[in-house]
Amino acid sequence: MEGNTPIISFKDADIVNGEATVIYGLNLDICPGNFVYIVGKVGTGKTSIIRTMIAENPLTKGHGTVCGYDLVGIKDKEIPFLRRKMGVVFQDFQLLMDRTVEDNLRFVLKATGWKSEEDMDKRIKYVLDAVGMDRKAHKMPHQLSGGEQQRIAIARSLLNDPAVIIADEPTGNLDNETADGIMKLLTGINKEKGTAVVMVTHNRQIFEKYPGRVLVCKDETCTEQTGTDNIDLELTI
C-alpha cells in the first residue's frame, strides 16, 4: 500500500458496542504515514472504533476496509490474517508473564506462521533493537518497569512489519516521563518507517506535544478537528 491509498477506510459506518450503537455515520480514511489520535471522554466510543478496526466488534451498517479486508461480513478464518497486517498495543501490555521477553516475541512469530528459527532470531533482535530493549531479551516481564514492558509490547507490534500500529491508551498506566519516551518511540517509528499510527487517548498533553490528526468522539459522532483548543476532555495527568 503506497501513497494515498487508505490503509483504513470507513464510509457511513455505525460503530457498535455489544447491542448498542455508540457512533453513527463514521467517515474516516487513514493513509500510510498518518498519525491519528482518537480522543474523547470515557464512554464515547473510542475503543469501540479500535475493536471494529481489528474485527473484534462487527460492522453491520455502512462500509469499512482495513489492510485490504472488507469488515462487512469478514469470515472468522480471515480475521487472523487481517491482524497479522496490524500491530496492536494495549494499555495493560498483555505480555505472557510465564516466559521471557524473547519467548513472548517468538510465540507471536510462531503463531503467525514463521518457521525458521534463524529468521525468528534475527527478527526478534531487530525489533528489540528498534525499541532500545536489545539487552532485555532474557528478562521476565515482572523484572521490567512499566515503560520497559510497553516498549516490549511495541516491539511485539512490529514483528510482522505492519502497515499500521493501533494503540489503545498505550501511555495510560505510565508516568509522564515514561509516557513521553513511549510517544517519542511511536512518533519515531511513524516518521522513519512511514508506519501509520492510530492512537486512542484522552490526555491532551500528548496530542498537543506530538501533533497529528485529531478525531473527536462526542455525542455519538466521531469527526476530525483542525485545532485542539476547543476539545472537551477529562484530562489524565
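**Notebook: helix α5 and its surroundings**

I began with α5 and α6, which pack at an angle of about 15° with their axes 10 Å apart. That makes α5 roughly parallel to α6; the label applies to angles under 35 degrees, with over 145 as roughly antiparallel, 65 to 115 as roughly perpendicular and the rest as oblique. The axes are lines fitted to C-alpha atoms, for helices over the stretch in contact, and the angles run from 0 to 180 degrees between N-to-C directions. Helices (H or I, at least four residues) and strands (E, at least two) are DSSP runs numbered from the N terminus.

Notes on the source: the model is predicted, so I kept in mind that local features need pLDDT of at least 70, that side-chain atom pairs count only at pLDDT 80 or more, and that totals for chains, interfaces and linings use all residues. Residues are numbered from 1 along each chain as its sequence is written, and side-chain values use heavy atoms, with hydrogens and water left out.

**Entry 1: α5 against α6**

On the α5 side, the contact (heavy atoms within 4.5 Å) uses Gly147, Gln150, Arg151, Ile154 and Leu158. On the α6 side I listed Thr178, Gly181, Ile182, Leu185, Leu186 and Ile189. By class, this contact holds six nonpolar, four polar and one charged residues. For the classes, Ala, Val, Leu, Ile, Met, Phe, Trp, Tyr, Cys and Pro count as nonpolar, Asp, Glu, Lys and Arg as charged, and the others, Gly among them, as polar.

**Entry 2: α5 against α3**

I then took α3, whose axis comes within 10 Å of that of α5 and crosses at roughly 25°. That makes α3 roughly parallel to α5. The crossing of α3 and α5 is right-handed. Val101, Leu105 and Val108 of α3 make the contact with Ile152, Ala155 and Arg156 of α5. I sorted these residues into five nonpolar, no polar and one charged.

**Entry 3: α5 against α4**

The axes of α4 (residues 117-130) and α5 (residues 146-158) come within 9 Å and cross at roughly 130°. The two helices are therefore oblique to each other. I noted a right-handed crossing where α4 passes α5. Arg123, Val127, Leu128 and Ala130 in α4 meet Ile152, Ala155 and Leu158 in α5. The class count for this contact is six nonpolar, no polar and one charged residues.

**Entry 4: α5 itself**

I checked the length of α5: at 1.5 Å a residue, its 13 residues should span 18 Å, and its end C-alpha atoms are 19 Å apart, which agrees. The expected span is 1.5 Å times one less than the number of residues. How many of the 13 residues of α5 are buried? I found ten, so α5 is largely enclosed by the rest of the structure. Buried means under 20% relative accessible area, exposed over 50%, and partly exposed in between (1.4 Å probe, protein chains only). Among the buried residues are Gln149, Ala153 and Ser157. The cover over the buried residues of α5 includes β6 (86-90), α3 (101-111), α4, β7 (164-168) and α6 (176-193).

**Entry 5: single residues**

I found Lys139 in the loop between α4 and α5. Lys139 counts as partly exposed at 33% relative accessibility. Beyond its neighbours within four places in sequence, Lys139 is in contact with Thr100, Val101 and Leu144. Lys139 and Ile30 are 109 residues apart in sequence and 36 Å apart in space, C-alpha to C-alpha.

Not counting residues up to four places away in sequence, Asp180 touches Lys209 and Tyr210.

I placed Glu78 in the loop between β5 (69-70) and α2 (79-84). Glu78 is partly exposed, at a relative accessible area of 28%.

**Entry 6: positive phi**

Most residues other than glycine have a negative phi. I noted Asp12, in strand β1 (residues 8-17), with a positive phi near 50°. Asp12 counts as exposed at 52% relative accessibility. I also noted Asp219, in the loop between β9 (213-218) and β10 (221-225), with a positive phi near 55°. Asp219 counts as exposed at 65% relative accessibility.

Terms used. Left-handed = near helix turned anticlockwise from the far one by under 90°.
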